[in-house]
Amino acid sequence: MENEKQAIIFIPGFDANTQNYYIEHYLGIGLTSRLEGKKITLDSEDIKIAGQSGKRFIYYIDKKHKKTIDVYEVYWTDLADSLTKESQKKQLILGFDLFLFWLPKFFTIASKSKIFLIQINLFLVLMLAWYYGIVVMLLTAIGSDPNILGTKIPEGWAKNLGEIGKSFGGWSVWIIVSILLNLLPGSVNLIIDLVHFLKRYIQDETEKGLGGIRDRIRQRLNTVINDVLNEASYTKVKVLAHSVGTLIATDTLADYQPDELKKIHYITLGSPLEALTYKSVWLQQEIDKCLQNEFIETWSDFYSDQDWLCSKVPISNGENRSKIEFMPLSLRVSWLNQLLGKSHNAYFFDSKVLSKIIE
């Protein structure tokens with residue numbers, strides 16, 4: 001049986017808990033169960049090449065031909081710090097900084113469509129509820145312990161701050177807000193950590209002794225791309241990115257230059273790039289550079305009006321539009337699940353997306 005081999009470098013979104021989380025819970029299930037009339041199986045053993053390990057899928061095209069599809073998931077969220085796990089003092093300061101960063105463009109993004117208007121305002125309400133709970137809890141705690149911030153606050157001031165916290169409801173309000181937020185189908189902590197990460201990435205922030213978070217994530221993706229391209233047995237290489245993963249992949253591919261004249265096919269699912277360009281001039285430049293980079297042979301962009309967390313990738317006037325193919329989808333998701341963001345992972349179960357991945 002003749003065998004064609006291709007590789008997929010997969011960059012998932014922000015909520016990947018572990019390595020291969022998205023393959024096991026989304027992509028792998030979609031590939032092996034949602035393509036009617038096509039037989040695709042997942043090998044029980046991981047595939048290994050120099051420097052990388054991944055998951056191997058076998059696509060039986062007919063009795064004489066099959067295609068081996070090796071998927072290498074680039075896990076990166078371990079490099080992103082969690083604001084919601086920081087001290088209350090740090091959450092208070094950095095939380096306020098988040099509002100200063102995002103609020104000026106909140107309503108600019110929201111004005112794009114009615115869907116964005118609902119989505120952005122929902123996010124704003126959740127962020128305000130989270131921050132209100134942090135402020136009330138911290139003020140009340142200062143009233144009980146003037147040293148809680150690491151610096152002794154004069155007792156008179158501490159008492160007054162504690163009284164302000166109590167006037168806002170004290171511990172009871174913080175407990176009630178926390179319970180209500182935890183009862184929501186989506187995690188408000190995930191939203192806070194996500195917008196915190198996006199701010200740091202867009203501003204290209206650095207840390208003492210660690211360099212930039214953007215640099216570290218791009219370096220990890222670059223390493224995987226290098227290792228896969230160096231594997232001579234692959235006849236085709238694709239880069240598949242979902243959600244915030246499209247930010248990382250686009251930023252990396254824009255400047256990537258292979259040692260040899262090898263090309264890749266780029267596929268984006270549920271991209272938030274358009275909304276993020278409102279806060280970043282350089283991001284639009286990276287998108288345009290991808291269209292100019294000969295290393296990228298084709299770009300397929302899947303988006304859906306039922307996915308409120310994404311939109312079509314924005315292209316500047318005069319750029320190479322023939323390279324990118326826009327693929328609008330109609331996802332079978334209820335209005336409530338659209339509101340809750342559950343449609344954002346539906347791409348992995350759509351036959352058009354899956355067919356593009358294995359073609």
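Q: What makes a space a pocket here?
A: A pocket is an open set of grid points with protein on both sides within 12 Å along at least five of seven lines. This is a predicted model, and about 280 Å³ of space lies in its second largest pocket.

Q: Which residues line the second largest pocket?
A: A lining residue has an atom within 4 Å of a point. The lining is made up of S33, R34, E36, S330, L331, R332, V333, A346, F349, D350 and S351. By class, that lining has four nonpolar, three polar and four charged residues.

Q: Why are helix 6 and helix 7 called roughly perpendicular?
A: Angles of 65 to 115 degrees count as roughly perpendicular. Helix 6 (residues 188–202) and helix 7 (residues 213–229) pack at about 90°, and are therefore roughly perpendicular to each other. Their axes lie 8 Å apart.

Q: Which residues make the contact between helix 6 and helix 7?
A: Helix 6 supplies F197, R200 and Y201, while helix 7 supplies I213, R214, I217 and R218. In this contact of helix 6 with helix 7, four residues are nonpolar, none is polar and three are charged.

Q: What makes helix 1 roughly perpendicular to helix 12?
A: The range again is 65 to 115 degrees. The axes of helix 1 and helix 12 (residues 351–358) cross at roughly 85° and come within 10 Å. That makes the two helices roughly perpendicular. L27, G30 and L31 of helix 1 meet L354, I357 and I358 of helix 12. This contact of helix 1 with helix 12 has five nonpolar residues, one polar and no charged.

Q: What is the phi of D204?
A: Phi of D204 is near 55°, a positive value in a residue other than glycine. Most residues other than glycine have a negative phi.

Q: Why does S243 count as buried?
A: Buried means under 20% relative accessible area. S243 has 10%, so it is buried. S243 also has a positive phi of about 55°, although it is not a glycine. Its place is the loop between strand 8 (236–242) and helix 8 (245–253).

Q: How do you know whether N20 is buried or exposed?
A: Set its relative accessible area of 10% against the limit of 20% for buried. N20 is therefore buried. N20 lies in the loop between strand 1 (2–11) and helix 1 (21–33). Leaving aside residues up to four places away in sequence, N20 touches K55 and E73.

Q: How many of the residues of the protein chain count as buried?
A: Of its 359 residues, 52% count as buried. The chain has twelve helices and eleven strands. Among its contacts with a separation of 6 or more, 75% join residues 24 or more positions apart.

Notes: Residues are numbered from 1 along each chain as its sequence is written. This is a predicted model: local features need pLDDT of at least 70, side-chain atom pairs count only at pLDDT 80 or more; totals for chains, interfaces and linings use all residues. Side-chain values use heavy atoms; hydrogens and water are left out. Axes are lines fitted to C-alpha atoms, for helices over the stretch in contact, and angles run from 0 to 180 degrees between N-to-C directions. Helices (H or I, at least four residues) and strands (E, at least two) are DSSP runs, numbered from the N terminus. Angles under 35 degrees count as roughly parallel, over 145 as roughly antiparallel, 65 to 115 as roughly perpendicular and the rest as oblique. Contact means heavy atoms within 4.5 Å. Ala, Val, Leu, Ile, Met, Phe, Trp, Tyr, Cys and Pro count as nonpolar, Asp, Glu, Lys and Arg as charged, and the others, Gly among them, as polar. On a 1 Å grid over the protein atoms alone, a cavity is a set of points where a 1.4 Å probe fits but cannot get out, and a pocket is an open set with protein on both sides within 12 Å along at least five of seven lines; lining residues have an atom within 4 Å of a point. Grid points are joined across faces, edges and corners, and a volume is the space filled by probe spheres set on the points. Buried means under 20% relative accessible area, exposed over 50%, partly exposed in between (1.4 Å probe, protein chains only).
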